[in-house]
Each structure stands twice: as C-alpha cells, then as structure tokens.
Amino acid sequence: MKGFGYSREKKLIAKAIETRNRAEMAKMIAEIRQNLSAIKRADLLFEVLLTQPAGDRLWVYGSLLPKDRWQDMFPEVLRCLYEFLTERGLQPGKDFGKHLQSVWVSRAVSSAMLPELPDNLREAFEKFIEGGFVSIQDAPPGEALEKQLGVPFMENLVQRMKLRLPTLTDGEAATYLNNIFNGVHARTALWIGDFFWQFPEEERLSRIFELVLQEKTEPNSDWILDLIYAAGGESEIQPNPEKPNDQVISERGIELLDSVYRGGESLSSIMERMRVKNPPQQQE
C-alpha cells in the first residue's frame, strides 16, 4: 500500500485503535468502504495494524474481527499473541505456546495476567478464550510427558539440537528438524517451535525450513539419537563392537523413541537401519 495515499484515514484509524474508539473505527471503515474494494480496505487496515503495539492489535482482532475470521488470520494473530506475552516476560513452551490451531496459556499465567489488563483488552482475551482460540491449561503440555520419562525432555532436546545443528549441512538439518518437529508433535502435541526463541541463527533456520518446504533434504538419522538422548536414553545407545561406525540401540531405547516420536517411518524400519539389539550384558 506504499504510495497508495489515504494518509489522513490511516492516522484517524490508528488514533481510533489507540483510544479503543469503536464508533470512530466504524465511521472510518464506512468512509473508506465507499472508495475501496474489500481487498484494498483489508490491505489499508493491515498496513495500519503493522505499526501498532501488540496490545492494540490484539484489541482489534479480538474485539472487531468476527470469530469466523480468526482462523483465516491465525499466523498473524499467533504472532501478535506471542509478541504480547513475551513482552510481559513469559516464556514460550513454559507459560504459553501453540496447540494445533490455537494458543494455550497456563492457568497460573492467565489468573495473574487477566485482572491486570485494561477492561477492553481483557474483553478481547476473554472473547479469544470463549471462541476456543486461546485455551487455559492447568499445566504445560510437556509436563506429564516429562514426569513419565523422569527427565526434562524439552530442555534436553533443545540442548542436543543446539549442539547438533552446527555439525549438519542445511540439507541434513532440514531432514533432522522436519522429523523432530513433525514426529514429536504427532506423538505428544508439543510444538518444538515454542522453544526456538533460544536459537540465535534465525537466517539459517529460515533457510533450512525453506528447504523442508521445497523437499530438498539430505539423508540424516541423528534426530533418532538425539530424541532418545533427550528422553533419558543415552545409556541405551552404544557403539557396535563389530562395526564402530554403527550404533546399537537397545529395545528400551526404541521404547523411549516411541514415547516421543510418531512419524511416517515405522519403528521396525528404524530398528533395522540402526541395528537395534538388546544392550550388551555387563561382565560380572
């Protein structure tokens, strides 16, 4: 919309958003409706919204955008919610995160945050909750899994990924991340993207995910080892005494993998490829 004009209207719309003035917003929308198509009106409003703080944008989405449009705007509303919550010192994956086509927030966070919000912004959040776009969780989705495993799985996995990614080519990393993202989410409903705020290499990550979308990947099986390590199974992976370059994974290691991963590749084929065996017996 650069060079499109309507600077007066944009300023008035921005002011209406800032002051939470629904009547003025309706007036401006009616005014530009006479001269602009629906697509151009949406472009103009989106251009204005991109200049507004996260809280102001949330007010617009929650208060003015019909519920049946929330899913259409999911990536932008999701971005806005993440920005708004992280500005308040909350951590993705621990205090809030993505769940399918919605956002979850811990009950402790919502109980503390909602009463402190201005009335109009609290109203917008409550509409998101009522509409199922924001859900309240008694505990983070990964808490039950980590209790079952007896280890901090997500913390372990993030550390493994930080060590592993610099050793891989972009094509290998595409295979690695694709399996971890999709396989862990399919098995546990955990969204690994919630933890990527800890990764500094945004440019490389964007390049890797573009390769995933283009299906330009290279063979890699390190994700298998790192998922087992993260699940507490480091002792379940040993060098093959007959072929030191091969890994031997115990049946217990495969059970741990099964508890955190489900994907297109069957566990039997993984076992065959990774030469899975019972762990070597300790000498008395």
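Q: What makes 44% of the 284 residues of the chain count as buried?
A: Buried means under 20% relative accessible area, with exposed over 50% and partly exposed in between (1.4 Å probe, protein chains only). Of the 284 residues of the chain, 44% count as buried. Keep in mind that this is a predicted model, where local features need pLDDT of at least 70 and side-chain atom pairs pLDDT 80 or more, while totals for chains, interfaces and linings use all residues. Residues are numbered from 1 along each chain as its sequence is written, and side-chain values use heavy atoms, without hydrogens or water.

Q: Why is Ala 189 called partly exposed?
A: Its relative accessibility is 27%, so Ala 189 counts as partly exposed. Ala 189 sits in the loop between helix 11 (170-188) and helix 12; helices here are DSSP runs (H or I, at least four residues), as strands are (E, at least two), numbered from the N terminus. Ala 189 also has a positive phi of about 70 degrees although it is not a glycine.

Q: Is Glu 215 buried or exposed, and how do you know?
A: The relative accessible area of Glu 215 is 69%, so this residue is exposed. Glu 215 lies in the loop between helix 12 and helix 13 (222-230), and has a positive phi of about 55 degrees although it is not a glycine.

Q: How do you know that the span of helix 6 (residues 74-87) agrees with its number of residues?
A: The expected span is 1.5 Å times one less than the number of residues. For the 14 residues of helix 6 that should give 20 Å, and the end C-alpha atoms are 20 Å apart, so the two agree. Buried residues in helix 6 include Phe 74, Leu 78, Leu 81 and Leu 85. Just after helix 6, Gly 89 takes a positive phi of about 80 degrees.

Q: Why is helix 1 called roughly perpendicular to helix 4?
A: The axes of helix 1 (residues 7-18) and helix 4 (residues 54-63) come within 9 Å and cross at roughly 90 degrees. Angles of 65 to 115 degrees count as roughly perpendicular (under 35 is roughly parallel, over 145 roughly antiparallel, the rest oblique), which makes helix 1 roughly perpendicular to helix 4.

Q: Which residues make that contact between helix 1 and helix 4?
A: Contact means heavy atoms within 4.5 Å. Helix 1 brings Ala 16, Ile 17 and Glu 18, and helix 4 brings Asp 56, Trp 59 and Val 60.

Conventions
Axes fitted to C-alpha atoms, helices over the stretch in contact; angles between N-to-C directions.
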